[in-house]
Amino acid sequence: MSDFRIQGFVLGSVATNCYLVFHEKTREAVIIDPADSAGLIMQKVRELGVRPTAILLTHGHFDHVMAAEEIRKAYGCSLYAGENETRVLGDAGLNLSGYMGGRKLTLRADVLVRDGQVLNLIGFPWQVIATPGHTEGSVCYYIEPERVLISGDTLFCQSLGRTDFPTGSSRKIVESITKRLFVLPDDTIVYSGHGEQTTIGFEKKYNPVAVYGDMI
């Protein structure tokens with residue numbers, strides 16, 4: 001039986017999925033998209049008895065990164081993001097924090113990841129898949145041995161990410177989904193940035209991109 005474990009919880013004003021992935025035996029953990037409420041994330045870490053070693057971002061929008069700096073300082077771990085997401089992370093207008101009535105937010109990643117790169121974290125290989133469209137530097141993370149995809153706001157259950165925000169592109173997100181994600185095994189479980197989990201096989205049948213891709 002695999003030692004891979006994943007727990008998700010919903011945080012923030014727009015119900016963003018934050019994921020805590022950990023190794024059952026070593027208790028090392030990765031935090032994905034610390035959306036908000038650093039205190040709640042740290043409480044979950046304590047409850048599970050795990051030790052965060054990295055923070056992975058799927059993209060730089062405010063609703064996926066609000067607690068990132070506090071979590072980074074609390075655990076002394078590195079923040080990972082796509083190599084083309086530097087602009088969005090570093091600009092409160094582009095990451096939308098400047099439009100939400102709260103504090104303006106800018107971030108800088110410690111590690112910039114590139115398409116095709118494999119990260120060896122907590123005993124598992126995490127393949128980086130560049131999926132521009134929702135933002136220019138959006139990435140997904142594929143853990144092949146576990147048939148798990150962390151899709152951020154690129155692919156949702158029977159939906160896809162918005163492309164009307166700065167650096168978004170409807171053409172690119174369709175290409176990202178159909179050419180980069182739909183080639184993964186059908187039994188791949190998809191953990192999205194919002195909403196319920198799904199599978200690649202299900203989305204290939206019922207996602208609007210599969211049915212109306214040329215019209216999106």
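Student: How much accessible surface does the protein chain have, and what share belongs to carbon and sulfur atoms?

Tutor: In this predicted model, the protein chain has an accessible surface of about 9,600 Å², with 48% of that on carbon and sulfur atoms. Such areas come from the Shrake-Rupley method with a 1.4 Å probe, and for residues only the protein chains shown count as cover. Local features need pLDDT of at least 70, side-chain atom pairs count only at pLDDT 80 or more, and totals for chains, interfaces and linings use all residues. Residues are numbered from 1 along each chain as its sequence is written, and side-chain values use heavy atoms, leaving out hydrogens and water.

Student: What makes A68, I71 and R72 of helix α2 count as buried or exposed?

Tutor: Buried means under 20% relative accessible area, exposed over 50%, and partly exposed in between (1.4 Å probe, protein chains only). In α2, residues 68-75, these three are buried. They cover an arc of only 100 degrees around the axis, so they lie on the same side of α2. That arc is taken from the directions from the helix axis to the C-beta atoms.

Student: Which elements do the buried residues of α2 pack against?

Tutor: Their partners are β3 (28-32), α1 (38-48), β4 (51-56) and β5 (78-82). Contact means heavy atoms within 4.5 Å. Helices (H or I, at least four residues) and strands (E, at least two) are DSSP runs, numbered from the N terminus.
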